Amino acid sequence: MFTQIFAKRTRLGGLVLSASIGASFLTFDRLTELRYQDVDEKRNKFYTQKEVSERDGTKGKPLWVTYKDGVYDVTQFQKEHPGGKFLKQAAGGDVEVFWKKWSYHFSSPKLQNILEETRIGTVSDYDEKLSAQIDDPYVREPKRNLRLHKIFDFKPFCTETFPHVLNSSYLTQADALYVRNHAPVPEYDDPAEHE
């Protein structure tokens, strides 16, 4: 059995590799084409928001959610998701409301693949204007001294203190302490009321 690798330039300037193994021959172009056919088929199935809302995961029904104009069947994925029980909060509806609060979903490198794998269709009555009206819960975050921290993410605010700041004194100033939030900082009129 022998293997040959062929390279050619695409019309957009990218490099495409093709592999020939023995007598079979399948190019990466063809694999990509097959993949996009599958994506097109998923995008050509349309569901109303009412139809999606009926798939809320109760009584043996599948668990569907929407994100922007996509419809996703997350019935199996919720069993693997670390916050699977929280995923049920969005059952039959829009996950973006929850992702605005748990916004690390937007910076997750896995998210795009998961969305692609679970997409089953398109919302026929999707209204982009309504989606844009979702409030950002991070608008009133406290001001922080950014010069003291290595910042991993702003929403939620997640940092570690620079070593030179920690080594400057045996007392660490309050605004230099390590910060890791999982959600927006809650607002209280009277902090003493917080439990």
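**A short tour of strand β5 and two loops**

Start by selecting Lys68, which sits in the loop between β5 and β6 (70–73). Helices here are DSSP runs of H or I with at least four residues, strands are runs of E with at least two, and both are numbered from the N terminus. Before moving on, note that this is a predicted model, where local features need pLDDT of at least 70, side-chain atom pairs count only at pLDDT 80 or more, and totals for chains, interfaces and linings use all residues. Residues are numbered from 1 along each chain as its sequence is written, and side-chain values use heavy atoms, with hydrogens and water left out.

Stay on Lys68 and look at its backbone: phi is positive, about 55°, although this residue is not a glycine. Lys68 has a relative accessible area of 36%, so it is partly exposed (buried is under 20%, exposed over 50%, partly exposed in between, with a 1.4 Å probe and protein chains only).

Next, select Thr66, in strand β5. Is Thr66 buried or exposed? Thr66 is buried, at 10% relative accessible area. Show what surrounds it: beyond its neighbours within four places in sequence, Thr66 is in contact (heavy atoms within 4.5 Å) with Val52, Val71, Tyr72, Gly93, Asp94, Val95 and Val123.

Now go to Lys59, in the loop between α2 (49–53) and β5 (64–67). Lys59 is another residue other than glycine with a positive phi, near 50°. Lys59 counts as exposed because its relative accessibility is 84%.

For the last stop, select Pro156, in the loop between β8 (149–154) and β9 (157–161). Look at the peptide bond from Lys155 to Pro156: this bond is cis, with omega near -5°.
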